[in-house]
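Notebook open, structure loading. I want to look up a helix pair, then a strand, then the overall numbers.

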Amino acid sequence: MKTAPRRRLAPVEAAHPRISVVVPIYNEEHSIELLQEQLHTALAGLGRSYEVLYVDDGSRDGSARQLQSAVERYPHVRVIRFRRNFGQTAAIQAGIENSRGDVVVFLDGDLQNDPADIPRLLQLIDQGYDVVSGWRKNRQDTSSRRIPSRIANWLISRVTGVQLHDYGCTLKAYRRDVLEHVKLYGEMHRFIPAYASWAGAEIVEIEVNHRPRRYGRSKYGLSRTLRVLLDLMTVKMLGSYSTKPIYFFGFVGFGFWLLAFLCALEVIIEKLWIGTYAHRNPVLLLAVFLAIVGVQFVLMGLLAELSIRTYHESQDKPTYVVREILESKRQAS
C-alpha cells in the first residue's frame, strides 16, 4: 500500500455531523431493522457525530414503514422517499445532495455490505485519502454475477486508467469536497472513483467483508451490464475530452480523410496503370463518402467546442480543480 498523504479533516461544530452514511433502499423491508442495528453498533463507538440517510427509491413493499420506525427509534436517522423508482444512481445523487457530513459513506441496503467495515474505511480517510473503495475479494454471489463483474471491472480500469478490483462495490467512503461537483446520470454511480481520480483525488482500495444475500433477490440483470458499458463510453468521453471535444471528433475526421485519400489514390493508380474508367470504379464513391463523413465529424467537433465554451463561460465553471492555496502569512496579513 502506498504512503498516504498527510492531510486531516477540518474540525467541525458538534451540531454538524462528521460522517454521513447513505443507504439506497428498494424493496428491502426485511433487511432494514437489522441493518440499522448493525449501523448503530458500528457508528456509535466511533466517538464522532454521524447521521444515517436512507433513500427509499420508490419501494413497493413495507420498506417505508420500516424506515419510519427507524426514524422514531434512532435520532440520527433521516429518510428521503422518492415518488417512484428512479434507480440506484438517482438515489446516490440524492444522498450526496442531502447529506451533511464531511465524509460520506455509501453501502447497500441488502445486508451484503458489512457495516463493521465502516471504521476501517474511516481510518484511511483520517490518514489523508480522499476515496476509500471496498473490494469484495471473497464475493458471496453466483458465478453468473461474478464473472461479468470481473470483466466489467477490468474493462473500466483499462478505459478510465483508474485501477480498481471492484467498481461495483457500493461500500465506499468519500471526502465531501470530492463529491461537491459530481452529477450522476444513467448507471454512473460506480464511476465516481474515476471522476475523483481525474480531479486529483487520492484513492486507496481495501478488502471488505461480503455476506450472502439474506432476504429477497438481486435487482441486477444483463440489461444493467449493457447500460454500464454504454455509460463507460460516456465517462471516457467526459473524462478525456469534456473540455476539448474537437480533439476527439477532429482525429476521427482526419482518420476518415486518410481513408478517403487512400481510396482516391487507388482509383488514380488503376486509371494510370490499368486504364479503368474512374466513374465505373466503386472505390471512387467510397472515397467521396469517406471525405464527406470526415467533414461532418470535424464540424461536429467545432459545434461541440462552442457548446462546451458556452457551458463553462455562461456559468463561470472553471476547467480545473484546486486542492488548496498556500501563501505566506506575511502576505495574508
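At what angle do the axes of helix 9 and helix 10 cross? I get roughly 165° for helix 9 (residues 245–273) and helix 10 (residues 282–314), with the axes coming within 8 Å. Axes here are lines fitted to C-alpha atoms over the stretch in contact, and angles run from 0 to 180 degrees between N-to-C directions. So helix 9 is roughly antiparallel to helix 10 (the cut-off is over 145 degrees). By class, their contact has 25 nonpolar, four polar and two charged residues; Gly counts as polar, and Asp, Glu, Lys and Arg as charged.

A note on the source: this is a predicted model, where local features need pLDDT of at least 70 and side-chain atom pairs count only at pLDDT 80 or more, while totals for chains, interfaces and linings use all residues. Residues are numbered from 1 along each chain as its sequence is written, and side-chain values use heavy atoms, without hydrogens and water.

Next I checked strand 5 (residues 131–135). Four of its five residues are buried (under 20% relative accessible area, 1.4 Å probe, protein chains only). Strand 5 pairs (at least two DSSP bridges) with strand 6 (residues 172–175) in the antiparallel sense over three bridges. With strand 7 (residues 203–207), strand 5 pairs in the parallel sense over five bridges. I find Val131 opposite Tyr174 in strand 6, and its bridge partner in strand 7 is Ile203.

Last, the totals: I count eleven helices and seven strands (DSSP runs of at least four residues for helices, H or I, and at least two for strands, E). Of the 333 residues, 43% count as buried.

Note on methods. Buried < 20%, exposed > 50% of the residue type's maximum accessible area, 1.4 Å probe, protein only. Parallel < 35°, antiparallel > 145°, perpendicular 65-115°, else oblique.
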